[in-house]
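Reader: I am new to this structure and would like to understand the words used to describe it. Could we take some of them in turn and set each against its definition?

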Amino acid sequence: MTITYLGQRGLGPLEIKLMGGKASSLHVLKAANFNVPSGFVLSSELSDLEEALATIGGFPVAVRSSGAMEDLPNASFAGLYETFLFVSSMDELKQKIHDCLESRHSLRVKDYLDHKGISYRPEQLKMTVLVQKMIDPAIAGVLFTLNPINGHDEEMYVEYCEGVGERLVSGHVTPTQVRYDWMKDSLISEVINQEGTKLSGELLKKLITQSALIQAHYGHPQDIEWAVDKKGELFILQSRPVTSYLPREDKPELTNADFKDGGVSARVCTQAMYSIYREALQVSMGDYFQKINLIKNPQGIVWIHYCYGRVYWNAEAVKEGLKNIPGYREEDFDRDLGVQKEYGPSGCHVTPTNPITILKAIPILFALNREFSDCEAMVDQFRDKFEVRDLRLKEDLKQIKSQSSDAFHVWFMEVIIHQLETERSYFRTIYNNANYQSEYKGFIKKLKGYLDGDEIDLMGNLQGVTHLDVQGDLGKLAKIADFYGLDSQKYHEGREKFLDAHYHHGPAELDLKVARWGENKEWVDELVKNFVHHDHQVKDAYTPTFTRLESSAGFFKKKKLIEMTKRTRNFLRIREEIRAYSTRAYY
């Protein structure tokens, strides 16, 4: 068999995975230029180790087990497999390699698997052995990039002691404990242990910075083992996902429902991107609830939060407002959003329908109907205003390199205002669309002819929906490519026409770091190559469904069905229209 070195170039994903959890993590970190002690990985006992030992600097070494089922998201396997430190002879090294390989069959591993509900199958417990150059630590410890005690993701929690980390893990010494706000770059607290163990400010700052970079590299919170040798050099000894932590209690009930599909909570969101989203939603959501008389004083409420690298909105505050509506059921609200929640012994909140609650809700219903009309009028007025300003800002953009600093500043601030007004208008349309859709669904479900899923059919065959225009135009461009070829003049002319209309789209439209189609035309070529033509006619589900419901309704309900269906479809159309404006403003 061959020996694999940590950080070795040219390894494929499968080769890295076969190193086992601990070794593969350290290999990835070393390949990314983090300061990991040199080492090599082997999956069986070897008789000839001299060359590998010389490559990593010789004795003493640490011998560590690295299992395939290790550092899993819900099972860390911490401390279950064998680790041997300060191994200093060849005979001892061979024995410790043997002991590591055998540790996968130990009783404590079987008990841990039973506790975690993981089936024990010997063939699954593949094991490699990691041999690393042993550093002589002056201080060693652990760091959590998310504080597991209180769930605060802006806090790193550090414990360390003199000497090797096993003193800390075994509980033989009380560690020095540090809480550090890495987002504000400030020390929160520091409790020095009885031995007086203390990192210098410079080393602590370096540890915090390296840990933040490791978390960024993996994209989720990390439990990191580290050490500082007697020369003052910081080494990373292990990094695994944080598998458990207490939820933070300093936040209201939050959700990212409806954010995930848009992308702002589908992946880690940068602080810059969050600030743009925050300025739009914080104002628009409070204004909306005040307009419809649901919340009297929304100014003191924080409507949008940033936690764990994602964006969330304040479901608790929204629910408090909705409690003023007769018939409101918290469980229905959560189900519509896809939120799963335990309600406890008292159950979910239900607002009764009685004369008192109906009287209290009358001002809300009047205000809500007025807001529906105002929102539709707002979009009609916004359309012309947006197009004029957007065109002018794009024209000015062409001259950006020749602008003076003062002229650029004026232009840039107008771009910010343009985007902010567009996004707030978009959010307002989203809120109204959601509320009107809810009213509409409640109405048609009471009709005699209603069948499950009718509300979906009634939203079909919409005209003037912008994302369908993209698909249609892409199909036309793909047909040009099929007939004339991607290198033809006809195709290049067609692509320019396509980009005139759809330049602002891209693979990640809510990430300002990612280019758009207009900035990377090759992406359009790839879309064209992979486009699948669908020449069959889309079945019209709207007409038969509407006809059936209309025939089952009496005169007054029929009139209401016609009006509400028309308005519901219009809200969907203008929501998509103003979403396109939002995407253009982000561009």
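Reader: Why does Glu155 count as buried?

Author: This is a predicted model, and the values below are computed from it. The relative accessibility of Glu155 is 4%, and buried means under 20% relative accessible area, so Glu155 counts as buried.

Reader: What makes the pair of Glu155 and Arg179 a salt bridge?

Author: A salt bridge needs a side-chain nitrogen of Lys or Arg within 4 Å of a carboxyl oxygen of Asp or Glu. In the pair of Glu155 and Arg179 the closest N and O atoms are 2.8 Å apart, so the pair meets that definition.

Reader: Why is Arg179 called partly exposed?

Author: Arg179 has a relative accessibility of 28%, and partly exposed covers what lies between buried, under 20%, and exposed, over 50%, so Arg179 counts as partly exposed.

Reader: What ties Asp185 and Lys205 together, and where do they lie?

Author: Asp185 and Lys205 form a salt bridge, their closest N and O atoms being 3.2 Å apart. Asp185 is in the loop between β8 and β9 (186–191), whereas Lys205 is in helix α7 (residues 201–218), so the bridge ties together parts that are 20 residues apart in sequence. Asp185, at a relative accessible area of 40%, is partly exposed, and Lys205, at 37%, also counts as partly exposed.

Reader: How do you know that Arg383 and Asp380 meet in a salt bridge, and where do they lie?

Author: The N to O distance for Arg383 and Asp380 is 3.3 Å, and the definition asks for within 4 Å, so the pair is called a salt bridge. Both residues lie in helix α11 (residues 355–397), three residues apart, which is about one turn of the helix. An α-helix has 3.6 residues a turn, so residues three or four places apart point the same way. Arg383, with a relative accessibility of 23%, counts as partly exposed, and Asp380 is partly exposed at 43%.

Reader: Which residues do salt bridges with shared partners join into one network?

Author: The network is made of Glu253, Lys319, Glu330, Asp334 and Lys341. The structure as a whole holds 40 salt bridges.

Reader: Why is helix α2 said to be largely enclosed by the rest of the structure?

Author: Helix α2 (residues 21–31) has eleven residues, and eight of them are buried, so the helix is largely enclosed by the rest of the structure. The buried residues are Gly21, Lys22, Ala23, Ser24, Ser25, Leu26, His27 and Leu29. Just after α2, Asn33 takes a positive phi of about 75 degrees.

Reader: How many of the residues in the whole chain are buried?

Author: Of the 587 residues, 44% count as buried, in a chain that has 18 helices and 14 strands.

Methods: Residues are numbered from 1 along each chain as its sequence is written. This is a predicted model: local features need pLDDT of at least 70, side-chain atom pairs count only at pLDDT 80 or more; totals for chains, interfaces and linings use all residues. Side-chain values use heavy atoms; hydrogens and water are left out. Helices (H or I, at least four residues) and strands (E, at least two) are DSSP runs, numbered from the N terminus. Buried means under 20% relative accessible area, exposed over 50%, partly exposed in between (1.4 Å probe, protein chains only).
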